[in-house]
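Please look through the structure shown here and read the report that follows. It starts with aromatic rings and then turns to the chain as a whole.

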Amino acid sequence: QLQLVESGGGLVQPGGSLRLSCAASGFTLNYSVIGWFRQAPGKEREGVSYISSSGGTTNYADSVKGRFTISRDNAKNTVYLQMNSLKPEDTAVYYCAAGLQGPYGSAWYFQPQSYDHWGQGTQVTVSS
């Protein structure tokens, strides 16, 4: 059984930081591209960041560049999203997803349709 579980969300003040974790069970992440997405109520699911299977390639949405950092520890079968300088606009449910590594560009891996396995999400709320 394949499973991804997000953790680390919570309530934080603007300018604060959170680190999200995405832990895999039932399969290894070694060959998977891992994407982070977020969805606010009434809005489309939005690609935030992704990381290649080796960790050698990372990409970010313009809205989070310079503030968020994605990383992975394949030995722990876990991917992280470090979120700094958080803004109220970052408030959303954050999801991680696993997809196949392939000869695709950022346009592919920022699309939810490109991922086969999803976690249940973790709530991030940025508010004073």
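In this predicted model, ring pairs join Phe37, Tyr50, Tyr104, Trp108, Tyr109, Phe110, Tyr115 and Trp118 into a cluster. Searching the whole structure gives eight aromatic pairs. Two of the pairs are set out below.

| Pair | Centre to centre | Angle between planes | Arrangement |
|---|---|---|---|
| Phe37 and Tyr115 | 5.2 Å | 80° | edge-to-face |
| Tyr50 and Phe110 | 5.3 Å | 70° | edge-to-face |

Why does the pair of Phe37 and Tyr115 count as edge-to-face? The planes of the two rings stand at 80°, and planes over 60 degrees apart are given that name. The ring centres of Phe37 and Tyr115 are 5.2 Å apart, and rings pair if their centres lie within 6.5 Å.

Where in the chain do Phe37 and Tyr115 sit? Phe37 belongs to strand E4, residues 32–39, while Tyr115 is in the loop between helix H1 (106–109) and strand E10 (117–118). The two residues are 78 residues apart, and their pair links distant parts of the chain. Phe37 and Tyr115 are both buried.

Is Tyr50 buried or exposed? Tyr50 has a relative accessible area of 5%; buried means under 20%, so Tyr50 is buried.

Next comes the chain as a whole. The protein chain contains one helix and 11 strands. Read from the N terminus, the order of these elements is β-β-β-β-β-β-β-β-β-α-β-β. The radius of gyration is 13 Å, close to the 14 Å that the globule rule gives for 128 residues, so the protein chain is as compact as a globular protein of that length. The C-alpha trace spans about 40 × 25 × 25 Å along its principal axes.

How much of the protein chain counts as buried? The share is 45% of the 128 residues. Of the contacts between residues at least 6 apart in sequence, 60% join residues at least 24 apart.

The last topic is surface and charge. The protein chain has an accessible surface of about 6500 Å², and carbon and sulfur atoms account for 47% of that surface. There are 9 positive and 8 negative side chains in the protein chain. The centres of these two sets lie 5 Å apart.

Key. Residues numbered from 1 in each chain as written. Heavy atoms only, no water. Helix = DSSP H or I, 4+ residues; strand = E, 2+ residues; numbered from the N terminus. Rg over C-alpha atoms; globule rule 2.2 N^0.38 Å. Buried < 20%, exposed > 50% of the residue type's maximum accessible area, 1.4 Å probe, protein only. Contact = heavy atoms within 4.5 Å. Areas by Shrake-Rupley, 256 points an atom, 1.4 Å probe, with all protein chains shown as cover. Lys, Arg positive; Asp, Glu negative; His and termini not counted. Charge placed at Lys NZ, Arg CZ, Asp CG, Glu CD. Phe/Tyr/Trp six-rings, centres within 6.5 Å; stacked < 30°, edge-to-face > 60°.
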